[in-house]
Amino acid sequence: MGLNRVFQVTATGDVWEELPGDLKFLGSYGDQAAGIAEARRKATLSAPSTVIVLAADGGREVIRVDGT
């Protein structure tokens with residue numbers, strides 16, 4: 001089983017990848033739906049991965065991508 005990569009999507013559609021002790025900016029996609037789609041695409045390519053969707057109100061949703 002490979003390394004579990006973790007991606008974060010902000011309420012404004014920015015996509016970040018969690019790295020040990022840091023975050024790497026991967027791009028801004030205009031809105032949250034487009035950001036989620038891009039993060040899921042990246043997560044599928046590197047499965048198993050996790051996409052964390054951050055809501056403007058502080059909530060969060062976790063999407064696990066296992067690649068199957």
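What radius of gyration would a compact globule with 68 residues have, and what does the protein have?

1. **Overall dimensions.** A compact globule with 68 residues would have a radius of gyration near 11 Å, and the protein has 11 Å, which agrees. The radius is taken over C-alpha atoms, and the globule rule is 2.2 Å times the number of residues to the power 0.38. Along the principal axes, the C-alpha atoms fill a box of roughly 35 × 25 × 20 Å.

2. **Basis of the note.** This is a predicted model, in which local features need pLDDT of at least 70 and side-chain atom pairs count only at pLDDT 80 or more, while totals for chains, interfaces and linings use all residues. Residues are numbered from 1 along each chain as its sequence is written, and side-chain values use heavy atoms, with hydrogens and water left out.

3. **Secondary structure.** The protein has one helix and five strands, in the order β-β-β-α-β-β from the N terminus. Helices (H or I, at least four residues) and strands (E, at least two) are DSSP runs, numbered from the N terminus.

4. **Nonpolar core.** The largest nonpolar core has nine residues: Phe7, Val9, Val15, Ala39, Ala43, Val51, Val53, Ile63 and Val65. Two or more residues each come from strand S1 (5–9), helix H1 (32–45), strand S4 (49–54) and strand S5 (60–65). Such a core is a set of buried Ala, Val, Leu, Ile, Met, Phe, Trp, Tyr and Cys residues joined through side-chain atoms within 4.5 Å. Buried means under 20% relative accessible area, exposed over 50%, and partly exposed in between (1.4 Å probe, protein chains only). Buried residues make up 34% of the 68 residues.

5. **Valine 9 and leucine 54.** These two residues are 45 apart in sequence, yet their C-alpha atoms are 5.9 Å apart in space. Leucine 54 lies in strand S4 and is partly exposed, at 24% relative accessible area. Beyond four places in sequence, leucine 54 is in contact (heavy atoms within 4.5 Å) with Gln8, Val9, Thr10, Ala11, Gln32, Gly59 and Arg60. With the same exclusion, the residues that valine 9 touches include Val15, Ala39, Val51 and Val53.

6. **Glutamate 17.** This residue belongs to strand S2 (residues 14–19). Glutamate 17 counts as buried because its relative accessibility is 8%. Leaving aside residues up to four places away, glutamate 17 touches Arg5, Val6, Phe7, Asp22, Leu23, Lys24 and Leu26.

7. Among contacts between residues at least 6 apart in sequence, 32% join residues at least 24 apart.
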